[in-house]
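Open your viewer and keep the selection tool at hand. This tour goes stop by stop, and each stop says what to select and what is there.

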Amino acid sequence: MTLQKIYRTYEQMCLDKLKEIGRSSVAEWSMAMGYSSSNALIKVIKRIQKTMPEKLKIHNNRKPRLYEAVLEI
């Protein structure tokens with residue numbers, strides 16, 4: 001029996017962490033990822049919105065925005 005490696009992108013790892021912590025702001029999400037600055041995930045969030053918008057739900061249109069990972073069925 002062989003083990004098959006599953007390659008994940010950094011965006012997928014960030015979404016997995018967001019699933020763990022639940023609905024949160026950018027500051028909370030970036031602290032959970034190990035960053036000290038809340039601006040560290042801004043580019044990653046924009047890439048997620050562009051490439052896989054169905055996996056990220058954004059609450060509030062203005063700041064403070066809350067982000068939530070959509071569970072796959």
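**Stop 1**

Select Arg 8. Arg 8 counts as partly exposed, because its relative accessibility is 43%. Buried means under 20% relative accessible area, exposed means over 50%, and partly exposed lies in between, with a 1.4 Å probe and protein chains only.

A salt bridge is a side-chain nitrogen of Lys or Arg within 4 Å of a carboxyl oxygen of Asp or Glu. Asp 16 is partly exposed, with a relative accessible area of 27%. By this rule the count comes to four salt bridges.

Two notes before moving on. This is a predicted model, in which local features need pLDDT of at least 70 and side-chain atom pairs count only at pLDDT 80 or more, while totals for chains, interfaces and linings use all residues. Residues are numbered from 1 along each chain as its sequence is written, and side-chain values use heavy atoms, with hydrogens and water left out.

**Stop 2: the whole chain**

Zoom out. The chain has three helices and two strands. Helices (H or I, at least four residues) and strands (E, at least two) are DSSP runs, numbered from the N terminus. Starting at the N terminus, the order is α-α-α-β-β. The C-alpha atoms fill a box of roughly 50 × 30 × 20 Å along the principal axes. Of the 73 residues, 25% count as buried.

**Stop 3: helices α1 and α3**

Select residues 10-21 for helix α1 and residues 42-51 for helix α3. How do their axes cross? They come within 10 Å and cross at roughly 100°. Axes are lines fitted to C-alpha atoms, for helices over the stretch in contact, and angles run from 0 to 180 degrees between N-to-C directions. So α1 and α3 are roughly perpendicular to each other. Angles of 65 to 115 degrees count as roughly perpendicular, under 35 as roughly parallel, over 145 as roughly antiparallel, and the rest as oblique.

Show the side chains. Tyr 10, Glu 11, Cys 14 and Leu 15 in α1 meet Val 44, Arg 47 and Ile 48 in α3. Contact means heavy atoms within 4.5 Å. By class, this contact has five nonpolar, no polar and two charged residues. Ala, Val, Leu, Ile, Met, Phe, Trp, Tyr, Cys and Pro count as nonpolar, Asp, Glu, Lys and Arg as charged, and the others, Gly among them, as polar.

Pick out Arg 47 and Glu 11. Their side chains meet in a salt bridge, 2.4 Å from N to O. Arg 47 lies in α3 and Glu 11 in α1, so the pair ties together parts that are 36 residues apart in sequence. Are these two buried or partly exposed? Arg 47 is partly exposed at 40%, whereas Glu 11 is buried at 13%.

**Stop 4: Leu 15**

Stay in helix α1 and select Leu 15. Leu 15 is buried, with a relative accessible area of 4%. Leaving out residues up to four places away in sequence, Leu 15 touches Trp 29, Ile 48, Met 52, Lys 55, Leu 56 and Ala 69.

**Stop 5: the nonpolar core**

Select Trp 29, Ile 45, Ile 48, Leu 56 and Tyr 67 together. They have the most contacts inside the largest nonpolar core, which has 13 residues. Such a core is a set of buried Ala, Val, Leu, Ile, Met, Phe, Trp, Tyr and Cys residues joined through side-chain atoms within 4.5 Å. α1, α2 (26-32), α3 and β2 (66-69) each supply at least two residues of this core.

Beyond four places in sequence, its contacts include Leu 18, Gly 22, Val 26 and Lys 57.

**Stop 6: the loop between α1 and α2**

Select Ser 25, in the loop between α1 and α2. Ser 25 is buried at 17%. Apart from neighbours within four places in sequence, Ser 25 is in contact with Arg 65 and Leu 66.

Finish with Arg 23 and Glu 68. They form a salt bridge, with the closest N and O atoms 3.6 Å apart. Glu 68 lies in strand β2 and Arg 23 in the loop between α1 and α2, so the pair ties together parts 45 residues apart in sequence. Glu 68 is partly exposed at 26%, and Arg 23 is partly exposed at 48%.
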